[in-house]
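Dear colleague,

I am handing over a structure that I would like you to look through, and my notes on it follow below. Please keep it open beside this message as you read.

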Amino acid sequence: MKFTDSPVIQLQVRDSQLSIQQDNGSFHVGTSVWPCSLVLAKFVERWAPSSPTPTTDNPYYDLLDFHTRRRRAIELGTGCGAAGMAFHLLGLQDIILTDISPVMPALKHNLKRNKPVLGKNMKTSILYWNNKDQIRGVNPPFDVVIAADVVYIEESVGHLVGAMEALVSDDGVILLGYQLRSPEADKLFWEMCEKVFVIEKVPHQDLHPDYAYEETDVYVFRKKKNNNN
C-alpha cells in the first residue's frame with residue numbers, strides 16, 4: 001500500500017477537518033475518493049440536526065435525526081472512508097464501515113490517520129454483498145444504510161440491491177450518493193430498486209451549494225410496505 005505520492009482530500013465537516021489519503025496506484029476502485037461520497041456527506045452536513053430539538057425550518061430533520069431516531073448505521077462500499085467518517089462527525093455514532101478485503105488497508109489507514117479528529121476507533125467489517133453469512137454477521141437490520149458511487153458493474157447490481165434490502169430495517173432509510181457510471185448497470189439497478197423500494201430524489205437545490213455537481217445526485221430509499229419480493 002503506497003500512499004506517499006497520492007493526493008490527499010481535505011473534507012471540512014462542521015468544526016472538524018478530515019484528511020483522506022488515496023492510493024491511486026491501486027487496482028481497486030475503493031482506494032480513491034469518489035465525488036458522490038463528498039456530495040452525500042456535505043448534504044447531510046447541511047441538514048443533520050446538531051441537537052435533538054426539532055426545528056420547523058428543516059425538511060430533513062426526521063430523515064437525519066441521529067440523536068433520537070436513526071442511531072444505527074452501516075455503509076456499503078466505504079472505500080477510503082470519507083462519507084462514513086463524516087456521518088460519524090455529524091452525530092451517527094454507531095456505524096459499521098464495510099468493504100471488500102482488498103480495500104480494508106486503505107480504509108484502516110485513513111481511520112488511523114483521522115483518529116485524533118474522530119476521537120475513537122470506528123467499527124469496520126469485510127462485507128461482500130453476495131455473502132449472506134457476512135450480512136448476518138453485522139447483525140441487521142439498520143436504521144440507516146449509506147452507499148455512495150457503488151453502481152458501476154452490471155454483474156454486482158443484484159447482489160447490491162439484495163444486500164440493501166437485507167440490511168435496512170422496515171422503517172429505515174438508505175442514503176445513496178449516485179452518479180451514472182455504466183448504462184447497463186444503471187438500467188438494471190433502477191429496475192430492481194423500483195420493485196423493492198420507494199425512491200425519493202433530493203432536489204439539487206437542497207444539496208450543499210459547494211457540492212451540488214450536475215452529474216451527481218442523492219436519493220433516499222425506503223422499503224415498500226407489504227413487499228413480498
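R14 is partly exposed, with a relative accessible area of 32%, where partly exposed stands for the range between buried (under 20% relative accessible area) and exposed (over 50%), computed with a 1.4 Å probe and protein chains only. R14 sits in the loop between β1 (8-13) and β2 (16-21), and, although R14 is not a glycine, its phi is positive at about 55°. Helices here are DSSP runs of H or I with at least four residues, strands are runs of E with at least two, and both are numbered from the N terminus.

Before going further, please note that this is a predicted model, in which local features need pLDDT of at least 70 and side-chain atom pairs count only at pLDDT 80 or more, while totals for chains, interfaces and linings use all residues. Residues are numbered from 1 along each chain as its sequence is written, and side-chain values use heavy atoms, with hydrogens and water left out.

A positive phi in a residue other than glycine is also found at N139, where the value is near 65°; N139 belongs to the loop between α5 and β6. P141 is likewise placed in the loop between α5 (132-137) and β6, and the peptide bond that joins P140 and P141 is cis, with omega at about 10°.

Turning to charged pairs, the structure holds 8 salt bridges, each being a side-chain nitrogen of Lys or Arg within 4 Å of a carboxyl oxygen of Asp or Glu. In one of these, the side chains of K123 and D94 meet at 2.7 Å, N to O. This pair links distant parts of the chain, with K123 in strand β5 (residues 123-126) and D94 in strand β4 (residues 94-99), 29 residues apart. K123 counts as partly exposed at 42% relative accessibility, and D94 counts as partly exposed at 28%.

A salt bridge is also formed by D149 and R181, whose closest N and O atoms are 2.9 Å apart. Because D149 lies in the loop between β6 (142-148) and α6 (154-167) and R181 in the loop between β7 (168-178) and α7 (183-196), the pair ties together parts that are 32 residues apart in sequence. D149 is buried, with a relative accessible area of 8%, whereas R181 is partly exposed at 32%.

Within helix α7, K187 and E191 are 4 residues apart, and therefore separated by about one helical turn; their side chains meet in a salt bridge of 2.7 Å, N to O. K187 is exposed, with a relative accessible area of 53%, while E191 counts as partly exposed at 38%.

Which residues touch the most other members of the largest nonpolar core? They are L11, F43, L64 and F87, in a core of 43 residues, a nonpolar core being a set of buried Ala, Val, Leu, Ile, Met, Phe, Trp, Tyr and Cys residues joined through side-chain atoms within 4.5 Å. Helix α1 (residues 35-47) gives the most to this core, with 8 residues. L64 is in contact (heavy atoms within 4.5 Å) with F43, V44, W47, A48, P49 and L175, leaving aside residues up to four places away in sequence. Apart from this core lies another, of 30 residues, among them L127, W129, V138 and W190. In soluble globular proteins, nonpolar side chains tend to be buried together.

With best regards
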